[in-house]
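Please open the model in a viewer and keep the sequence panel at hand.

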Amino acid sequence: MEPRRILDIADVVQKNVAPSQWTAVVPAAGKGSRLGHHLPKILYPLLGRPILEWLVDALRATADTFVFILSPDGQTHVEPYLKKTLGERCRVAIQQEPTGMGDAVLLAEEHVSTPYTLVVWGDQGLLNSTT
């Protein structure tokens, strides 16, 4: 029988899947220009903290590995924060051209070695550990 590629959240909770089994993929190549921000959107401040910080805090207990998909311009600003915050737990893929979210997610594939993957868009600042 072919393994299921998408899990229902109830399956995950019942199996009590360890964070070492998960990779969080975060497409975050967006610019903050529509927000009037001079940095990448994932660095836009919400309640005094960049969206990136909210995401990392919400996902840290769920996934041991993170893959962020960044634009070439965003890499300069975002990657140093990721390395400082997540160290070896983080990998970066670069989306050279803005060709869409599906293409961005596919760029993470070579960096994922865990059996489970969670994709969370990089502008989901309201995400928390219960969602």
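**The whole chain**

Begin with the entire protein chain, bearing in mind that this is a predicted model. Coloured by secondary structure, the protein chain shows 4 helices and 6 strands. Followed from the N terminus, these elements are arranged as α-β-β-β-α-β-α-β-α-β. Of the 131 residues in the chain, 37% are buried. Among contacts with a separation of 6 or more, 65% link residues 24 or more positions apart. Switching to a surface view, one sees a chain that exposes about 8,200 Å², of which carbon and sulfur atoms supply 54%.

**Helix α2**

Next, select residues 51–59, which form helix α2. Display the side chains of Ile51, Leu52, Leu55, Val56, Ala58 and Leu59, the buried residues of this helix. In general, an α-helix has 3.6 residues a turn, so residues three or four places apart point the same way.

**Thr85 in helix α3**

Move along to Thr85, which is located in helix α3. Is Thr85 buried or partly exposed? Thr85 has a relative accessible area of 23% and is therefore partly exposed, given that buried means under 20%. Leaving aside residues up to four places away in sequence, Thr85 touches Val56 and Arg60. Val56 is one of the buried residues of α2 already displayed; the C-alpha atoms of Val56 and Thr85 are separated by 8.5 Å, although the two residues are 29 residues apart along the chain. Now show the backbone of Tyr81: its oxygen lies 2.8 Å from a polar atom of the Thr85 side chain.

**Glu97 in a loop**

Select Glu97, in the loop between β5 (90–94) and α4 (101–107). Glu97 counts as exposed because its relative accessibility is 53%, and the term requires over 50%. A C-alpha to C-alpha distance drawn from Glu97 to Ser71 reads 7.6 Å, for residues 26 apart in sequence.

**A nonpolar surface patch**

Finally, select Met101, Val119 and Trp121, which make a nonpolar surface patch of about 260 Å². Val119 belongs to strand β6 and, with a relative accessible area of 36%, is partly exposed.

Definitions and conventions
Residues numbered from 1 in each chain as written. Predicted model: local features only at pLDDT ≥ 70, side-chain atom pairs only at ≥ 80, totals over all residues. Heavy atoms only, no water. Buried < 20%, exposed > 50% of the residue type's maximum accessible area, 1.4 Å probe, protein only. Helix = DSSP H or I, 4+ residues; strand = E, 2+ residues; numbered from the N terminus. Contact = heavy atoms within 4.5 Å. Areas by Shrake-Rupley, 256 points an atom, 1.4 Å probe, with all protein chains shown as cover. Patch = residues over 30% accessible without salt bridge, like charges linked within 9 Å, V, L, I, M, F, W, Y side chains within 5 Å. Salt bridge = Lys/Arg side-chain N within 4 Å of Asp/Glu carboxyl O. Polar contact = N/O pair within 3.5 Å; in protein donor to acceptor, adjacent residues only side chain to side chain.
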